[in-house]
Amino acid sequence: MSQHETPLYHGLLEHAKKDPIQFHIPGHKKGNGMDPEFRDFIGENALSIDLINIGPLDDLHQPKGIIKKALVLAAEAFGADHTFFSVQGTSGAIMTMIMSVCGPGDKIIVPRNVHKSVMSAIVFAGAIPVFIHPAIDKKLGISHGITLESVQHALDLHPDAKGLLVINPTYFGISADLKKIVELVHSYNIPVLVDEAHGVHIHFHDELPMSAMQAGADIAATSVHKLGGSMTQSSILNVRGNLVNHKRVQSILSMLTTTSTSYLLLASLDVARKRLATEGKELLDRTIGLAQSIRQQINEIDHLYCVGKEIVESHIAYDYDPTKLIISVKDLGISGHDAEEWLRKKYNIEVEMSDLYNILCIVTPGDTTKEADMLIQALKNLSEEYQNQASNVEAKVMLPNIPILALTPRDAFYSETELVDFDDSDGRIIAEFIMVYPPGIPIFIPGEIITEDNLQYIKRNMEAGLPVQGPEDYDFKKLRVIKEHRAIR
């Protein structure tokens, strides 16, 4: 097969052309049985291939036909031994890779700034997380990845860990020296798992950070929909080597995946792979050039700073992805959240995320100079509007301390619990997740002892307008904690 082929997508097209009479789900039957307004908006072409795993179309849970061919091509494109498609997003792929290497009571080494899906998987698996502090960027007020030194320290303390997870690249596009980390961890015969949610494109251009498969990692969850051109909720899971059993990966992914898999999502993965494999270098040449042009122009605007290659001159970053625009707005005297709201209201511009000091914009092959010019003009006007309150602001790194883990996350999650007032929860064991989302960094996970410092951290984030999520009480008046059984008098 050639990387120019799309066996899954074209298999669906051939099936749709036959216009078979459908006595099977989905019940909308090519759109005829759904709301006409929605059908007209979505279009007959899309609805004609919104199908189910009937014989001619293969089955994602046991692929043998057109899906199998698409998976083989994807593995070849990404340098993997085995590739799996996920219609549960990268969250489903991440949960699969965690549960593929560890079970009840097993240790897994993870950075503290992991996505919430990692912690969900640890709860499901009954595993014990061993946290590594991420490297802190005091200038930007954000966290990056983990360092080789911190990994060595974790392995010295926990050589019996069943796996080590690395975020590469981070949400902000910063990478560690992944190849050296992999070599170190493999010397302990421990597999390396990579959350590559924000790095599908890096495999296809030599000016971008090294991909998980290029670095020799064992398994990587890679989000194709974020930056690779497939539809939202479609991702892949790449496996190589012998430290992770690919048959167990298939088994667990099947357990976590709907049996009514979306063929629209699967087809979009097939065509996205083709484009990355055959045109990726050319597309990314243009994308990187556009991003660097935007970066240069932003750095000419008073009181704004867009991070560039100078980031790798520090010990906390080994490489960076120039298509991620980390724009520091702190010297304007406003928060990143303020800037995000201003851009939305004044220019109808939506950014990827914001924090206390920065906004993050991503540039992909879907962007042109038109959108770039609009962003630059908007940021110029933002600077002009707030220049009177501008000053040199020193970022105060607002990262929560890692609380003591008193119970395994699974034991805490399934314990008998009660609700207590937020201000009275200090010292109690929490039974729910609390995180800043996006990107989903946990402040508390089930089983940790609540501390006053972390309660204040939650309050400061909320006062700044940042998205703190997790507790069942959305207003944060109460937290769910492990119930205390007092002695009978």
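A cavity, on a 1 Å grid over the protein atoms alone, is a set of points where a 1.4 Å probe fits but cannot get out, and a residue belongs to the lining if it has an atom within 4 Å of a point. Grid points are joined across faces, edges and corners, and a volume is the space filled by probe spheres set on the points. By this rule, there are three cavities of 30 Å³ or more. Before we look inside them, note that this is a predicted model, in which local features need pLDDT of at least 70 and side-chain atom pairs count only at pLDDT 80 or more, while totals for chains, interfaces and linings use all residues. Residues are numbered from 1 along each chain as its sequence is written, and side-chain values use heavy atoms, with hydrogens and water left out.

Let's start with the largest cavity, which has a volume of about 70 Å³. Its lining consists of Leu 60, His 61, Pro 63, Leu 71, Phe 84, Phe 85, Gln 250, Leu 253, Ser 254 and Thr 257. To say where these come from, we need names for the elements: helices (H or I, at least four residues) and strands (E, at least two) are DSSP runs, numbered from the N terminus. Strand S1 (82–86) and helix H11 (246–256) each give two or more residues to this lining, and H11 gives the most, with three. The lining of the largest cavity then has six nonpolar, four polar and no charged residues.

The second largest cavity has a volume of about 40 Å³. Around it you will find Ala 74, Phe 78, Phe 85, Val 224, Ile 236, Leu 269, Arg 273 and Leu 276. Here H4 and H12 are the elements that give two or more residues, with H12 supplying the largest share, three residues. By class, this lining has seven nonpolar, no polar and one charged residues.

A pocket is an open set of grid points with protein on both sides within 12 Å along at least five of seven lines. The second largest pocket holds about 330 Å³ of space. Of the 18 residues that line this pocket, Ile 349, Glu 350, Asp 367, Glu 371 and Leu 375 lie nearest its centre. Helix H12 (263–298), strand S15 (358–362) and helix H14 (369–386) each supply at least two lining residues, and the largest share, four residues, comes from H14. The lining divides into 12 nonpolar, two polar and four charged residues.

Next, look at the rings. A pair of aromatic rings is described by the distance of the centres and the angle of the planes. Rings of Phe, Tyr and Trp (its six-membered ring) pair if their centres lie within 6.5 Å; planes under 30 degrees apart count as stacked, over 60 as edge-to-face and the rest as tilted. The structure holds five aromatic pairs. In one of them, Phe 78 and Phe 204 have ring centres 5.2 Å apart and planes at 80°, so the pair is edge-to-face. This pair links distant parts of the chain, 126 residues apart: Phe 78 is in helix H4 (residues 66–78), and Phe 204 is in the loop between strand S8 (192–196) and helix H9 (212–215).

Phe 413 and Tyr 414 form another edge-to-face pair, 5.2 Å centre to centre with 90° between the planes. Phe 413 is partly exposed at 40%, whereas Tyr 414 is exposed at 56%.

Finally, let's visit the strands. Two strands pair if DSSP finds at least two bridges between them. Four strands form an open antiparallel sheet in the order S11-S13-S15-S14. Strand S11 (305–306) and strand S14 (353–354) stand at the edges with a single partner strand each, so one side of each is left without a neighbour in the sheet. S11 and strand S13 (residues 324–328) pair over two bridges, with Tyr 305 opposite Ser 328 in S13.

Definitions and conventions
Ala, Val, Leu, Ile, Met, Phe, Trp, Tyr, Cys and Pro count as nonpolar, Asp, Glu, Lys and Arg as charged, and the others, Gly among them, as polar. Buried means under 20% relative accessible area, exposed over 50%, partly exposed in between (1.4 Å probe, protein chains only).
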